[in-house]
Amino acid sequence: MSGIDRRTVLGRTAAVAGTALAAGALAPAARAAAPAQPSSTAAAAAAATGATIRPGDARYAGLTTGNNQRFVAKPDYIKMIRSAKDAERALQAAFKAGKRVAVRSGGHCFADFAANADIEVILDFSEMTHVGYDETRRAFVVEPGARLINVYEALYKGWGVTIPGGICYSVGAGGHIAGGGYGLLSRAHGLVSDHLYAVEVVTVDASGRARTIVATREKNDPHRELWWAHTGGGGGNFGLVTRYWFRSPGARGTNPADQLVSPPSTVLVSAVDLPWDQLDEATFTRLLKNFGAWHETHSAPDSPYRHLSSLFNVSSKAHGSLGMFTQVDATVPGAEKLLDDYMAAILAGTKVTPRALTRANGELPAMPQLAAPQHLPWLQATRLVGTNNPTITNPTSRGAHKSAYMRTNFTDHQVAAMYRHLTRPDFHNPDTMIVLFSFGGQVNALAPDATANAQRSSVFKMCFQTFWADKDEDAFYLGWARGIYEDFFAKTGGVPVIDDTTDGCYINYPDTDVADPRRNRSGVPWTTLYYKDNYPRLQQVKKAYDPTDYFRHSLSVKLPRR
């Protein structure tokens with residue numbers, strides 16, 4: 001592949017898309033598109049039962065933690081779930097026994113939701129990986145354990161459609177969808193949850209009776225509020241999700257290919273390094289402000305630039321370079337000019353010469369020439385950006401993550417804070433970056449209360465993150481992450497409050513520090529930072545479907561006060 005090195009594109013990039021690592025195999029498109037199973041086979045699949053794994057089992061240790069080794073549980077057992085009936089039985093048994101449960105569709109959660117000392121039972125959905133088409137609902141069904149790359153492969157190969165989800169291939173569908181979910185197609189097509197038609201949830205009432213409910217977005221559905229809560233309300237709050245169904249709003253007819261987003265057949269891709277040896281503070285400032293200004297100008301729902309999305313890794317100086325991956329729908333008129341004008345705007349006044357992306361181990365650039373934009377089939381580009389994120393997919397690493405929605409360009413203080421912390425002379429970790437992700441466009445076409453995801457006026461997203469291996473270094477790296485974040489938002493109490501410039505935090509990048517008054521000194525509760533004015537409505541859903549607050553974690557939706 002001329003100009004772009006697949007092995008190293010965004011090699012230091014951490015996931016910028018949600019939670020829930022899944023371990024299931026791909027449900028082949030041919031199988032997904034096959035005629036309905038005979039009733040006996042379908043009934044058997046619906047009642048399938050997964051293993052119960054206890055201490056002493058060789059599998060136990062590997063299932064007590066997710067992708068972030070900072071968080072480890074010691075549950076009485078881990079119950080692998082294979083069907084809604086299996087989930088229902090497991091939930092009823094755990095509730096009757098009075099055991100604290102955690103829900104996991106894989107393990108990409110950035111916080112301790114599924115792995116902490118209080119957990120007695122982990123309910124693991126990573127074996128539920130089916131992707132297919134449901135004729136009765138005229139919608140595509142996705143089980144919670146399916147990895148995003150498998151979802152994309154199955155939907156596209158089977159029907160030529162997709163959902164506008166995240167780039168990290170190993171993220172599981174379960175938490176990603178419930179938390180809102182976004183990716184490189186979101187500026188053109190909105191959030192993943194904007195295309196959610198229905199959700200199947202196993203809930204438990206005050207008496208301990210477990211039941212399975214299907215909630216749809218139909219206005220006359222008595223469970224519509226439960227559907228709404230899963231369009232950005234976050235995972236592990238209301239029950240056990242066993243299936244999602246997708247159909248885009250406004251879809252017509254009965255042809256499956258007309259029920260969801262059709263991705264561009266071809267995309268124009270640019271992947272470049274911006275070397276730190278070409279950056280001083282003034283150049284760094286201009287580069288970052290160029291990025292912010294461009295997104296502030298070009299993020300309206302009807303902007304012609306909604307077909308362009310950029311992922312900008314503002315890496316620490318120890319990494320050697322900043323990296324930028326940009327994708328444009330090559331089928332829109334003037335796609336090349338859109339990309340050229342974008343790159344010119346980002347580099348304006350900097351005199352920075354981009355290079356081909358360097359290898360993750362710090363070797364010389366993979367290509368001696370400058371990286372030229374490439375026309376690639378959409379699925380190939382999706383694999384390119386999604387299948388090689390060695391930092392986030394490293395199963396031995398520890399990490400810290402903090403998020404923000406930005407409504408306007410950076411201030412001078414904010415850029416200075418980034419530069420100061422990324423170039424600290426005592427900081428030598430190359431696996432550290434601030435990820436800037438294009439946002440807005442069709443994401444901002446909906447009202448804040450149309451879905452549970454309330455952030456509908458931002459122009460780009462931020463994820464501050466660092467990764468390390470040694471537990472003894474936790475204090476140092478957590479200190480760095482807290483230091484840069486609280487410095488960046490010093491004028492608003494250390495967090496991105498809801499105002500004209502920032503719009504809170506992203507629930508799929510959960511950070512328990514925002515619930516700690518020592519770290520969040522703004523006076524704005526964490527519930528507002530994540531959910532804004534939608535939080536009271538989520539509390540009412542909680543009251544209706546989880547009246548005992550059985551599903552809870554460190555940032556779970558709380559029952560309303562009486």
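**Group meeting: a walk through one predicted chain**

This is a predicted model, and its chain has a mean pLDDT of 90, with 88% of the residues at 70 or more. Over residues 1-38, though, the pLDDT is below 50. The model still gives that stretch 145 contacts beyond near neighbours in sequence. There is another such part: residues 358-370 stay under 50 in pLDDT, and they have 24 contacts beyond four places in sequence. Where pLDDT is low, the predicted coordinates should not be read in detail.

In what order do its five strands lie? The order is 5-6-9-7-8. The sheet is open, and its pairing is antiparallel. At the edges are strand 5, residues 131-134, and strand 8, residues 210-216, each of which pairs on one side only. On average, neighbouring strands in this sheet are turned by 25 degrees against each other, ignoring direction.

Let us look at one pair in it. Strand 6, residues 139-142, runs antiparallel to strand 9, residues 240-246, and three bridges join them. Val142 has Tyr244 of strand 9 as its bridge partner. Helix 4, residues 148-159, lies across strand 5 and strand 6. The angle between helix 4 and strand 5 is about 45 degrees.

Last, helix 11, residues 412-422. Which of its residues are buried? They are Gln414, Val415, Ala417, Met418, Tyr419, His421 and Leu422. And what covers them? The cover includes two helices, helix 8 (281-297) and helix 12 (474-488). It also includes strand 11 (308-315), strand 15 (398-406), strand 16 (432-438) and strand 17 (460-468).

How values were computed. Residues numbered from 1 in each chain as written. Predicted model: local features only at pLDDT ≥ 70, side-chain atom pairs only at ≥ 80, totals over all residues. Heavy atoms only, no water. Buried < 20%, exposed > 50% of the residue type's maximum accessible area, 1.4 Å probe, protein only. Helix = DSSP H or I, 4+ residues; strand = E, 2+ residues; numbered from the N terminus. Contact = heavy atoms within 4.5 Å. pLDDT = per-residue confidence, 0-100. Pairing = 2+ DSSP bridges. Axes fitted to C-alpha atoms, helices over the stretch in contact; angles between N-to-C directions.
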